[in-house]
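Dear colleague,

Please find below the structure that I am handing over to you.

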Amino acid sequence: MSDTREQILEQIKLQGDLVRQLKASKESKEKIDEEVSRLLALKAKLGGDAAPTNQKFTLKTPKGTRDYAPQQMTLRQGVLDKIIQVFKRHGGEAIDTPVFELKEVLTGKYGEDSKLIYDLKDQGGEILSMRYDLTVPLARYLAMNKISSIKRYHIAKVYRRDNPAMTRGRYREFYQCDFDIAGTYDPMLADAECVKIVAEVLDTLDIGDYVIKLNHRQLLDGMFEACGVPAKDFRAICSAVDKLDKSPWEEVRKEMVDEKGLDGAVADKIGEYVRLSGGKELVEQLLADAKLKAVPNAVKGLEGMQLLLNYCGLFNLESRVSFDLSLARGLDYYTGVIYEGVLKAEPGAVGSPVKASPVLENGKPVAADQGSGTVGSVAGGGRYDNLVGMFDPRGKAVPCVGVSIGVERIFAVLEAKFAASNVKLRTNDVEVFVASAHKGLHEQRLRVLNQLWDAGIKAEHSYKLNPKLLAQLQHCEEHQIPLAIVLGDAELAQGVVKLREVSTRQESTVPLAELANEIRSRLKA
């Protein structure tokens, strides 16, 4: 006699517990695989439906993700629209790429951050991973299609198996807004425009005072060489320096020496440089530095910074940019100028746009972390001249420079500002509500609605046959709908309706034949 469904479900539960115990105790892979196979065989007996009909489970979003309510989506879409306007102003063309890539496309491009890539199961012989950013997919796209020149923007979700910090806009699933210029051009012209784009976006979004930090990868490598860092350790030490925006020098030095085996005296030499920041005068100071002058990479990097700062001056960005030697940006693919937009607001400062956050996770406010008053970087990017060549069979390079806007962090700041101001955003674009003054007018409402929709006017009505007039008008006020049409038998017999301005409650009589034109006229006023 075959087992009943209930018996199989009980066996599945017990077998699942056993598999979890084996994994927790770090048993051998062979043993775990054997018990997993038994678990799958049990599930197969149910025809793939292993979940009991009365199963209870917790309703929640996965860790590091969130839902967005209509008001939040309205705010988000407004942010994206403004960013796209800036990108288009600079000649950007939109592209899109798959949300997952072949794992080999992503492997070896991100340095230490490669451990944050989400890997997927074998899909029909293809080993896939979720995209970590939009830059590596762009490089693959350029190489695959043999494109050597493009100005593209791309707004899409990316995925990182990171430790999320919801109150700081740090998620595992989030949007990136990228603008990149690919092609062989004269030094720093495209790079300076990317810095200008960062400034335009942050000015347009009005999220507070900010600074755009600038540095150069060649200068960093030259500095490491001048200080005595072995060439094989450049990327590892660069990754440590990249943490200076979040950790004090003492902690970064400890990582260099204790974890990465760097000589303490060498680390101290690095410390003398990475705590410097300034403008053109700092470039001049470093060009006169005897240790750096002896290293060609350092000189090239400094000359590049000199030219970049000159172009930034022509773009009226002197007060917005800072040459900062602590900026490293840990990703391995950067080869030249690097930059990062950072909000200046201090944690807990009066008027700080980020001192509080209304971020919700699974419907509940997320408690702020200690020291989480800042959202950190809100934009970043740089030059990556060798990435496309990694995908080309002949190694043909396509020089690229780009910027990524940290839209989730910007959104967290704006959401906090709106929560503090108690401003209610409109979550729809309805221009007119078709209301009926009494019973029996639902068919007339539908005729008027159809007339308005055909004329391209955004309109809605109540889905009740005989709604109360007061309830309909209250709906208009609650949803900030500017106009309402009130239908009545007497008016309809004369071929007219009443057009009501919701905010002032003033009404006027309008012929049905002229209704669409009158509505357009009122909306423009």
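The second largest pocket has a volume of about 260 Å³. A pocket here is an open set of points on a 1 Å grid over the protein atoms alone, with protein on both sides within 12 Å along at least five of seven lines, and its lining residues have an atom within 4 Å of a point. Grid points are joined across faces, edges and corners, and a volume is the space filled by probe spheres set on the points.

This is a predicted model, in which local features need pLDDT of at least 70 and side-chain atom pairs count only at pLDDT 80 or more, whereas totals for chains, interfaces and linings use all residues. Residues are numbered from 1 along each chain as its sequence is written, and side-chain values use heavy atoms, with hydrogens and water left out.

The lining of the second largest pocket consists of 17 residues, and P187, M188, D191, R383 and D385 lie nearest its centre. By class, five of the lining residues of this pocket are nonpolar, six polar and six charged. In this scheme Ala, Val, Leu, Ile, Met, Phe, Trp, Tyr, Cys and Pro are nonpolar, Asp, Glu, Lys and Arg are charged, and the others, Gly among them, are polar. Helix α13 (residues 296-314) gives the largest share of the lining of this pocket, four residues. Helices (H or I, at least four residues) and strands (E, at least two) are DSSP runs, numbered from the N terminus.

The search of the whole structure also finds one cavity of 30 Å³ or more; a cavity is a set of points where a 1.4 Å probe fits but cannot get out. The largest cavity holds about 60 Å³ of space. Its lining is made up of K213, D242, D245, S326, L327, A328 and E340.

R329 lies in the loop between β8 (321-324) and β9 (337-343). With a relative accessible area of 16%, R329 is buried (under 20%, while exposed means over 50% and partly exposed in between, with a 1.4 Å probe and protein chains only).

Seven of the 10 residues of strand β4 (residues 150-159) are buried as well.

Yours sincerely
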